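Have a look at the model first, then read on.

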Amino acid sequence: MAKTPFLTKEKAEEIIRKYPTPFHIYDEKGIRQNADNLKKAFSWNEGYKEYFAVKATPNPFLIEILRDYGCGCDCSSLTELMISKAIGAVGDDIMFSSNDTPPEEFKYCNDLGGIINLDDITHIDIVERACGRLPKKMSCRFNPGGVVKMSNGIMDNPGDAKYGMTEEQIFEAFRIMKSKGVEEFGLHSFLCSNTVTNEYYPMLAGVLFRLAVKLKNELDVKIKFINLSGGIGIPYLPDAEPNDIFAIGEGVHRVYDEILAPEGMDDVAIFTELGRYMMGPYGALVTTAINEKHIHKEYIGVDACAVNLMRPAMYGAYHHITVLGKENEPLTQTYDVTGSLCENNDKFAVDRQLPKIDMGDILFIHDAGAHGFSMGYNYNGKLKSAELLLQENGEVKLIRRAETPKDYFATFDCFDIYKNLIS
Ligand SMILES: *Cc1c(COP(=O)(O)O)cnc(C)c1O
């Protein structure tokens, strides 16, 4: 099965005349359809809200599209909070799910009226000191430990993860928070990343719902929301089965009716903090083949590199590649597709079957819309690319310009050498 790019070769060539490669481009239509489906899949829950995980794609223009579907922002740092504030997502539209948090960021979040989701029990005192008193509404992050097994094997290993509190600590934290004036409580957990099974959310919901019932019954606290966080994955591989968001929504609904409703907790809101699922498939890295090399293996060098998309280098992640205009040509070649970093892991693909690539061919690297541009860095003095939006009317809008050497040297601007660097 092939993956279909959301750009044709002709459209890509037209865009490149104005915005040279490499660039990231996002598909507004795809983002909107997906966000609308997510909203529908959870419409059975009155308080449902998606808090987009800003770290996945921290571009205000893209997050504003999601705002049309009622999405808030899940932030975990000062600058992510600042993005949220800039687009008017404040108050209950902010979920601050940070860890190892500097106290001043708790204060900043609290000043914006955002919901603080505590990663650790020691943070109760820190928040109290930073904010003067605890906010009326707060949340805690749960880590059940152990490993998570589902029908397709071991999914992830929370026992080895730095996040969240143990069950004992959650009870203790809720008790303390209640005594210090917190009135409305939330529960949060993130157990597995990039899950491609419809079972994950219902399983996680079961764990959190049962805990919520115990907390309510033992501590007499008001549980306002349960946050299933991120982790719904996307099919990076061309033959992978995509998640069915309606089956996932229904699965959570079933568990809700089984566990929460009989306890009179059918007013609990369900929150999510999806990143990858909201943007991953709707962004691509577009790059041009600029070098070929025939040594012990066959190499195609492109004008993007791992600073533009780090996942293959960092995790050996698979990103499908389409050579635009050659969608129907036979895959006769085996290439490593590389960037120009002085690092041998700077490869977008290793031993990949592709059609014969000619210099100047345009490569569409799929599923780069989340944890793509945002993981970028500046090794080898490489500059970050532009981000473009393919709008629903077919027009392309620049939503972040490419970096220039001036940006790269900007942090020298308090030194005399700066003038020489940029002239
Ligand atoms: C990264 C992250 C998310 C989003 O994860 P995805 O896998 O992109 O859905 C959500 N919540 C928190 C706290 C995160 O750290």
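## Ground rules

This is a predicted model, so to speak of local features a pLDDT of at least 70 is needed, side-chain atom pairs count only at pLDDT 80 or more, and totals for chains, interfaces and linings use all residues. Numbering runs from 1 along each chain as its sequence is written, and side-chain values use heavy atoms, with hydrogens and water left out.

## The whole protein

The protein has 13 helices and 19 strands. Both are DSSP runs numbered from the N terminus: helices are H or I with at least four residues, strands are E with at least two. The C-alpha atoms fill a box of roughly 70 × 55 × 45 Å along the principal axes. For 423 residues, a compact globule would have a radius of gyration near 22 Å, and the 23 Å of the protein agrees with that. The radius is taken over C-alpha atoms, and the globule rule is 2.2 Å times the number of residues to the power 0.38.

Of the 423 residues, 52% count as buried. Buried means under 20% relative accessible area, exposed means over 50%, and partly exposed is in between, using a 1.4 Å probe and protein chains only. Take the contacts (heavy atoms within 4.5 Å) between residues at least 6 apart in sequence: 68% of them join residues at least 24 apart. On charge, there are 45 positive and 61 negative side chains, and the centres of the two sets lie 3 Å apart. Lys and Arg count as positive and Asp and Glu as negative, while His and the chain ends are not counted; each charge is placed at NZ of Lys, CZ of Arg, CG of Asp or CD of Glu.

## Helix α5

Helix α5 covers residues 103–111, and Glu105, Phe106 and Cys109 in this helix are buried. Down the axis of α5, the buried residues fall within an arc of 105°, so they line one face of the helix. That arc is of the directions from the helix axis to the C-beta atoms.

Their cover includes α4 (78–86), β4 (94–96), β5 (115–118) and α6 (123–131). On the other side of α5, Glu104 and Asp111 are exposed. Just after α5 comes Gly113, with a positive phi of about 80°.

## Asn291

Asn291 sits in strand β12, residues 283–294. Is Asn291 buried, exposed or partly exposed? Asn291 counts as partly exposed because its relative accessibility is 47%.

Leaving out residues up to four places away in sequence, Asn291 touches Tyr299, Ile300, Gly301 and Met359. Gly339 is 48 residues from Asn291 along the chain, and their C-alpha atoms are separated by 9.9 Å.
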